[in-house]
Amino acid sequence: PGRTASTLFTAVGLTSFTRYPFVLIARNSVGNSSRSDYVALRTAPAVPDAPSEPWAGEPLNADAVTIQWHLPLRTNGASIDYSQVYVAASELGVAQLAGVAYGSNTSLYVSGLDAATAYLFKVRVANSVGFSDFSNTSTIVTRGTVAEVPHSVVQSAVDLHSMS
């Protein structure tokens, strides 16, 4: 409820893309008018809430990982257009765009990684209004590789007779 001496009223503290009912009453020195009919107004859409923290889906490989996340529950009036997945090789590294998942897709295959290496992943989503905040960052370690069998083995000659 608010009062104003002008014909302009600004409601504050409202939630994005939510319908609010309003009624008007005019007042002058003689008294109050009767109430107007209710008018329902919807606030404008806003950027979506942040998605969940990403996690590694299976299978986890030595040089690639499938990143998964949940879309935010509140898209704030506009559907999610796409998600961006960012990756950094360390806490000090600059996060680089690893790829984009469109619409309601919530996974992305990220390749070209190093084996047995910890990577930091974060996700943000976008709607027609703009980008969400980034998700919390998760650390995902790629699998190590099995040692390779040497391609050539050098055989040394041993004199079996000299061994006693």
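Analyst: Four strands form an open sheet here, in the order β8-β7-β10-β11, with antiparallel pairing. β8 (96-102) and β11 stand at its edges, because each has a single partner strand and so one side is left without a neighbour in the sheet. From one strand to the next the twist averages 30°, where axes are lines fitted to C-alpha atoms, for helices over the stretch in contact, and angles run from 0 to 180 degrees between N-to-C directions.

The model is a predicted one, in which local features need pLDDT of at least 70 and side-chain atom pairs count only at pLDDT 80 or more, while totals for chains, interfaces and linings use all residues. Residues are numbered from 1 along each chain as its sequence is written, and side-chain values use heavy atoms, with hydrogens and water left out.

User: What makes β10 and β11 a pair?

Analyst: Two strands pair if DSSP finds at least two bridges between them, and β10 and β11 have four bridges in the antiparallel sense, so they meet that definition. Across this pairing, tyrosine 119 stands opposite isoleucine 140 in β11. Strands of a sheet, in general, pair through backbone hydrogen bonds.

User: How many strands and helices does the protein chain have?

Analyst: The protein chain has 11 strands and zero helices, where strands (E, at least two residues) and helices (H or I, at least four) are DSSP runs, numbered from the N terminus.

User: Why is asparagine 127 called buried?

Analyst: Buried means under 20% relative accessible area, exposed means over 50%, and partly exposed lies in between (1.4 Å probe, protein chains only); asparagine 127 has 6% relative accessibility, and therefore counts as buried. This residue lies in the loop between β10 (118-126) and β11 (138-141).

User: What does the side chain of asparagine 127 reach?

Analyst: The side chain of asparagine 127 reaches the backbone oxygen of alanine 46 at 2.9 Å. Contact means heavy atoms within 4.5 Å, and, not counting residues up to four places away in sequence, asparagine 127 touches several residues, including Val47, Pro48 and Asp81.

User: Is serine 132 buried or exposed?

Analyst: Serine 132, found in the loop between β10 and β11, has a relative accessible area of 6% and is therefore buried. Not counting residues up to four places away in sequence, the residues that serine 132 touches include Pro48, Asp49 and Arg124.

User: What share of the protein chain is buried?

Analyst: Buried residues make up 25% of the 164 residues in the protein chain.

Conventions:
Polar contact = N/O pair within 3.5 Å; in protein donor to acceptor, adjacent residues only side chain to side chain.
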